[in-house]
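Please keep the structure in view while reading.

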Amino acid sequence: MKVSIIGASGRVGSATALLLAKEPFMKDLVLIGREHSINKLEGLKEDIYDALAGTRSDANIYVSSDENLKIVDESDVVIITSGVPRKEGMSRMDLAKINAKIVGNYAKKIAEICDTKIFVITNPVDVMTYKALVDSKFERNQVFGLGTHLDSLRFKVAIAKFFGVHIDEVRTRIIGEHGDTMVPLLSATSIGGIPIDKFEKFKDLPIDEIIEDVKTKGEEIIRLKGGSEFGPAAAILNVIRCIVNNEKRLLTLSAYVDGEFDGIRDVCIGVPVKIGKDGVEEVVSIELDKDEFTAFKKSAELIKKYCEEVKNL
């Protein structure tokens, strides 16, 4: 498998590169950054090779400036992590407008070079996924974002801890925006196959507190250690494994919806999707309870507003 990472010198890009390089399916890994980051990427390459020395992995690692994007040719997946972080006093729209130009530019160039899948990590991820889809002109299955996959994993951990069960016993997900309007699907949450509301402890579940913690987890990590890297990288690896092994697992990613949820159209948003070798093989339509759908629709409307603002940048 060949994977190219644009923005590989950043925290998430670097951590993702290491995890991917250790996978037995990885044949060619391309680390791409701006010209001033080339030395850092060369160092990252050598560091990863050292880490692989005691493993059975034998990936070929290449380094390139983003001025030579032809190196992404024949990539199975191109991961875009490039973008500026949100700074104090910066609105989400300010961030969206800046990063949309970056992501859109890369998406256009990638599409000119090869027919591939684009996996967007850059925030605000739902808006950037839409921008990459529009500017690449790829089919909807080929462009997707990390969405609420990591949020869903964080939610899963919180529920497992509250009920004192193994994390593998919990089935749950968060849909909607990767942001303030995310929607926890308690109606689709179970522990050991038992609906969560059947447990006696459910009445004491501090759901608002848990969701607030999930929403602010990234900010907390930034405050404590400067940035998040391992969590997002592990979530990215989950998705790549699904693609290379054609696992057809249901993950909650940012994908283009076209009426699967009661008429909501022309927006990229966190929804359950079936992931396999062709990328998003299906947006899985599920029944939401009334409150969940109302919140999901509100989330979609907010994202769509942002998408319209950056569509033609």
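A residue is called buried when its relative accessible area is under 20%, exposed when the value is over 50%, and partly exposed in between. The model discussed here is a predicted one, and on this scale aspartate 262, with a relative accessible area of 64%, is exposed because its value is over 50%. Aspartate 262 is placed in the loop between S12 and S13, and its phi is positive, at about 45°, although the residue is not a glycine.

Most residues other than glycine have a negative phi, and most peptide bonds are trans. Lysine 248 belongs to the loop between H7 and S12, and with a relative accessibility of 37% it counts as partly exposed. The peptide bond that leads from asparagine 123 to proline 124 is cis, its omega being near -5°, and proline 124 is found in the loop between S5 and H4.

## Salt bridges

How many salt bridges does a search of the whole structure find? The search returns twelve. One of them joins glutamate 23 to arginine 241, with the closest N and O atoms 2.7 Å apart. This pair links distant parts of the chain, for glutamate 23 sits in the loop between helix H1 (11-21) and strand S2 (28-33), while arginine 241 is in helix H7 (residues 230-244), 218 residues apart.

Arginine 140 counts as partly exposed, at 31% relative accessibility.

Lysine 277 and aspartate 278 also meet through their side chains in a salt bridge, at 3.4 Å from N to O. Lysine 277 is partly exposed, with a relative accessible area of 46%, and aspartate 278 counts as partly exposed at 40%. Salt bridges with shared partners, moreover, join Arg11, Lys225 and Glu229 into one network.

## Aromatic pairs

A pair of aromatic rings is described by the distance of the centres and the angle of the planes. In this model the count comes to four aromatic pairs. For phenylalanine 119 and phenylalanine 144, the ring centres are 5.2 Å apart and the planes stand at 40°, so the pair is tilted. The pair connects distant parts of the chain, phenylalanine 119 being in strand S5 (residues 117-120) and phenylalanine 144 in strand S6 (residues 143-145), 25 residues apart. Phenylalanine 119 is buried, with a relative accessible area of 0%, and phenylalanine 144 is buried with a value of 0%.

Phenylalanine 162 and phenylalanine 163 make an edge-to-face pair, with 5.1 Å from centre to centre and 85° between the planes. Phenylalanine 162 is partly exposed at 22%, while phenylalanine 163 is buried at 12%. Ring pairs also bring Phe199 into a cluster with Phe162 and Phe163.

Which residues gather in a patch of negative charge on the surface? They are Asp180, Asp208, Glu212 and Glu219. Glutamate 219 is part of helix H6 (residues 207-225), and its relative accessible area of 56% makes it exposed.

Two pairs of C-alpha atoms complete the picture. Glutamate 309, which lies in helix H8 (residues 290-310) and counts as partly exposed at 41% relative accessibility, is 209 residues from alanine 100 along the chain, yet their C-alpha atoms are separated by 9.8 Å. Leucine 251, placed in strand S12 and buried with a relative accessible area of 4%, is 103 residues from threonine 148 in sequence and 9.0 Å away in space, C-alpha to C-alpha.

Conventions
Residues are numbered from 1 along each chain as its sequence is written. This is a predicted model: local features need pLDDT of at least 70, side-chain atom pairs count only at pLDDT 80 or more; totals for chains, interfaces and linings use all residues. Side-chain values use heavy atoms; hydrogens and water are left out. Patches are made of residues with over 30% relative accessible area and no salt bridge: like charges are joined within 9 Å, nonpolar side chains (Val, Leu, Ile, Met, Phe, Trp, Tyr) within 5 Å. Accessible areas come from the Shrake-Rupley method with a 1.4 Å probe; for residues, only the protein chains shown count as cover. A salt bridge is a side-chain nitrogen of Lys or Arg within 4 Å of a carboxyl oxygen of Asp or Glu. Lys and Arg count as positive and Asp and Glu as negative; His and the chain ends are not counted. The place of a charge is taken as NZ of Lys, CZ of Arg, CG of Asp or CD of Glu. Helices (H or I, at least four residues) and strands (E, at least two) are DSSP runs, numbered from the N terminus. Buried means under 20% relative accessible area, exposed over 50%, partly exposed in between (1.4 Å probe, protein chains only). Rings of Phe, Tyr and Trp (its six-membered ring) pair if their centres lie within 6.5 Å; planes under 30 degrees apart count as stacked, over 60 as edge-to-face and the rest as tilted.
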